[in-house]
Amino acid sequence: MIFYDAWRWIAANPHQFLDALRQHLVMCGLALLFSLLLAIPIGVKVAASPRATFIATNIASTLRTIPSLAILAAALPFLGIGLMPSVVALVILALPPILLNTCTSIQAVDTDTLSAAKGMGLTRAQTTRRVILPLAAPGILAGVRTAAVQVIGGAALASFIGGGGLGDFVTTGIAIMDMSRLLVGAIPIILLAIGAELLFTTVEKIGFKHVPKG
């Protein structure tokens, strides 16, 4: 019955629902984009140094233990409320899995392959671009997949700092004790997380099935 009530509310308020869905997707998309722009270059840099990798991976592992709501709450005093503060908090949430996978995937590239690239006269930048990153791409994408699922779920909590999105329906449903309203936000979030998982898994299987391992 509550599922029917949730569907009926969406049918009666399509613009409000679609606006929230769009804002949720924009928030998640921006967070993933900024995370990629930060984590991959950092991962490439620190992977060349075992000590830097140790420090970076330990920091990333520590960040992964912090609950999503705690990250959002910690961002509130410094960044205020709204969409962009929520995006910044979600970037912090998405960085660890991408950075960890980038470092470990690059370090897993076979040394003989790197020696062959050097013997062919490739510069360090060319080796990174043409050899290391293509070979590490499946592992990096696995980290992006994990980050995407975490960000989609974490974005639901962005409602607490004015981020908007589907989380608004969840918090409203809790506030007024209306489980059907809660489901208006919760079910699409679950479906988005499952969809992201399936999408990235499919890309990994199809896009990298012919990529040699190391």
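Helices (H or I, at least four residues) and strands (E, at least two) are DSSP runs, numbered from the N terminus. The structure is a predicted model, in which local features need pLDDT of at least 70, side-chain atom pairs count only at pLDDT 80 or more, and totals for chains, interfaces and linings use all residues. Residues are numbered from 1 along each chain as its sequence is written, and side-chain values use heavy atoms, with hydrogens and water left out.

An unreviewed UniProt entry annotates residues 21-200 as "domain: ABC transmembrane type-1". UniProt positions follow the numbering used here, feature names are shortened, and annotations may be inferred rather than shown by experiment. In the model, residues 21-200 are 83% helix and 0% strand. The end C-alpha atoms of this span lie 20 Å apart.

The unreviewed entry also lists "transmembrane region" for residues 24-48, 69-95, 147-170 and 182-203. Residues 24-48 are 92% helix and 0% strand, with end C-alpha atoms 36 Å apart. Residues 182-203 are 100% helix and 0% strand. Their end C-alpha atoms are 32 Å apart.

Two packed helices are described by the angle between their axes and the distance between the axes. Axes are lines fitted to C-alpha atoms, for helices over the stretch in contact, and angles run from 0 to 180 degrees between N-to-C directions. Helix H4 (residues 68-79) and helix H5 (residues 83-107) have axes that come within 9 Å and cross at roughly 135°. H4 is therefore oblique to H5. Angles under 35 degrees count as roughly parallel, over 145 as roughly antiparallel, 65 to 115 as roughly perpendicular and the rest as oblique. From H4, Ser68, Ile71, Leu72, Ala75 and Leu79 meet Pro85, Ser86, Val88, Ala89, Ile92 and Leu93 of H5 (contact: heavy atoms within 4.5 Å).

The axes of helix H6 (residues 111-119) and helix H7 (residues 124-154) come within 11 Å and cross at roughly 160°. H6 and H7 are therefore roughly antiparallel to each other. Thr113, Leu114 and Ala117 in H6 meet Thr127, Val131, Ile132 and Leu135 in H7.

Side chains of opposite charge can pair when their charged atoms come close. A salt bridge is a side-chain nitrogen of Lys or Arg within 4 Å of a carboxyl oxygen of Asp or Glu. By this rule there are three salt bridges. Aspartate 5 forms a salt bridge with arginine 8, with the closest N and O atoms 3.3 Å apart. Aspartate 5 and arginine 8 are separated by about one helical turn, because they are three residues apart in helix H1 (residues 2-12).
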